[in-house]
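Subject: Structure handover

Hello,

Here is the structure I said I would pass on. My notes on what was found in it follow below.

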Amino acid sequence: MNAMPDSASAQLADAARDARAAARVLARLPGPARDAALRAAAAALRRRQDAILEANAADLDTAQGLTDAFRDRLTLNPARVEAMARGLEEIAAQPDPVGRVISEWTRPNGLVIRRVAQPMGVIGMIYESRPNVGADAAGICLKAGSAVILRGGSESLRSARAIHAAIAEGLRAAGLPEAAVQIVPSADRAFVGAMLRASGLIDLIIPRGGKGLVTRVMEEARVPVLAHAEGLCHTYVHEAADPAMARAILANAKMRRTGICGATETLLIDAAVAPSLLPLLIGDLRALGCDFRADARARAILPDLKPATEADFATEWLDAVLSVKVVDGVEDAIAHITRYGSEHTEAIVTQDESAARQFLDGIGSAVGMWNASTQFCDGGEFGFGAEIGIATGRLHARGPVGAEQLCTWRYQVLGSGQTRP
């Protein structure tokens with residue numbers, strides 16, 4: 001999409017028409033042709049690594065007032081560029097999701113009915129800060145036979161353009177239309193509004209960013225939205241938890257990367273083990289630089305913890321801050337999660353299988369973990385190669401959304417001359 005002295009809506013409409021034409025080409029291509037473009041794009045990312053890192057350094061130099069967690073999300077390095085490239089290759093290695101028969105049955109009259117996966121069409125991807133999201137989104141949309149229009153955040157615009165250049169190189173190398181992956185030409189917020197109003201031009205909007213962005217998208221969109229508002233994730237340490245396992249899991253779930261949506265924001269711990277185990281858990285995290293907001297029962301054990309307010313338990317910190325609450329068993333933990341959670345990811349640490357089943361069956365969240373870090377809520381870790389986002393709604397996909405989840409379906413009905421009486 002080239003910048004033009006035209007309105008954002010007009011430019012977006014032109015881009016969407018080009019994307020629609022490209023999507024029709026993608027939908028008819030055999031899977032290996034789309035996979036070839038993904039592998040070519042991965043090779044281009046590696047070749048263009050220096051240019052991508054130079055663009056990212058310029059973004060970091062001009063960004064002002066960033067928290068450490070935000071700067072971490074924005075930062076690229078050789079390992080992260082390699083992870084983008086490897087992610088595209090892993091997506092290419094996945095089975096082709098397009099055209100697969102999801103289910104098939106035969107009616108008493110002999111009609112054979114098939115539910116067949118098909119591409120969405122044109123996807124609008126609006127994301128903030130994490131420039132690697134553009135590569136993931138492009139790869140998953142291509143694998144799923146859909147075209148995508150990318151709108152990255154203003155703070156990562158140079159990085160996003162450099163990554164897009166590599167994707168475009170891969171498309172050219174494979175002989176696919178470059179309009180299959182486009183990026184808006186500027187950081188003008190008018191393009192977000194144009195995308196949200198593009199009913200009939202864009203088939204699905206996927207926002208990926210902070211609560212403010214997602215809330216705006218949900219409120220203003222005239223296009224279907226696949227989103228999660230925030231990742232208010234919980235780790236519950238049950239009374240039958242292995243202490244060493246609980247310490248390792250919580251440290252990872254909170255502190256591995258504090259700024260991602262799968263990071264644990266609240267620790268729930270059973271009263272039966274809190275006096276002995278909570279000081280160890282807090283000590284581990286404090287040594288890693290974490291701060292705390294604790295309820296009265298936790299502060300009775302560790303009086304130096306800062307008191308938690310009602311709002312703290314409803315806060316997605318995205319930083320080295322952890323809310324802490326002492327609970328009375330599984331049902332109390334579930335009740336807290338139901339009241340304050342965002343239906344993203346919850347974990348229980350326990351050696352008691354019945355308690356784990358009670359917890360996993362009782363939460364309403366998209367992902368439940370048993371004896372594992374909440375930071376495993378990730379498309380790559382799920383074996384999808386990458387993800388285009390985490391869906392917490394109740395319709396269509398839930399949890400990490402890969403290429404298979406990005407497909408819709410249609411029906412094929414095979415007859416042998418039947419007529420309806």
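Helix α7 (residues 157–174) lies across β3 and β5, and runs at about 155° to β5. Please keep in mind that this is a predicted model.

The strands in question belong to an open sheet of four, ordered β5-β4-β3-β6, with parallel pairing. β5 (181–183) and β6 (204–208) are the edge strands; each has a single partner strand, so one side of each is left without a neighbour in the sheet. On average, and with direction ignored, neighbouring strands here are turned by 20° against each other.

Strand β4 (residues 147–151) and β5 run parallel and are joined by three bridges. In this pairing, V148 stands opposite V181 of β5. Helix α1 (residues 8–28) also packs on the sheet, where it touches β3 (122–127), β4 and β5. The direction of α1 makes about 145° with that of β4.

**Sheet of six strands**

There is also an open sheet of six strands, again with parallel pairing, in the order β9-β10-β8-β7-β11-β12. Its edges are β9 (291–294) and β12 (367–370), each of which pairs on one side only. From one strand to the next, the twist averages 20°.

Within this sheet, five bridges pair strand β7 (residues 233–237) with strand β8 (residues 264–270) in the parallel sense.

**A helix pair**

Helix α2 (residues 31–47) and helix α5 (residues 78–93) have axes that come within 8 Å and cross at roughly 170°. That angle is over 145°, which means that α2 is roughly antiparallel to α5. The contact between α2 and α5 is made up, by class, of 11 nonpolar and six charged residues, with no polar ones. On the α2 side the residues are D35, L38, R39, A41, A42, L45 and R46. They meet V81, E82, M84, A85, R86, L88, E89, I91, A92 and A93 in α5.

**Nonpolar cores**

Which members of the largest nonpolar core touch the most other members? They are M125, I388 and L406, out of 54 residues in that core. Helix α6 (residues 132–143) contributes the most to this core, namely seven residues. A second, separate core has 27 residues, among them A246, I269, I282 and A320. As background, nonpolar side chains tend to be buried together in soluble globular proteins.

With neighbours within four places in sequence left aside, L406 is in contact with M120, I140, C141, A144, L204, I206, I388 and V401.

**Around Q405**

Q405 sits in the loop between β14 (399–400) and β15 (408–414). Q405 and P97 are 308 residues apart in sequence, but their C-alpha atoms are 8.7 Å apart in space.

Regards

Methods:
Residues numbered from 1 in each chain as written. Predicted model: local features only at pLDDT ≥ 70, side-chain atom pairs only at ≥ 80, totals over all residues. Heavy atoms only, no water. Axes fitted to C-alpha atoms, helices over the stretch in contact; angles between N-to-C directions. Helix = DSSP H or I, 4+ residues; strand = E, 2+ residues; numbered from the N terminus. Parallel < 35°, antiparallel > 145°, perpendicular 65-115°, else oblique. Contact = heavy atoms within 4.5 Å. Nonpolar A, V, L, I, M, F, W, Y, C, P; charged D, E, K, R; others polar. Core = buried A, V, L, I, M, F, W, Y, C linked by side-chain atoms within 4.5 Å. Buried < 20%, exposed > 50% of the residue type's maximum accessible area, 1.4 Å probe, protein only. Pairing = 2+ DSSP bridges.
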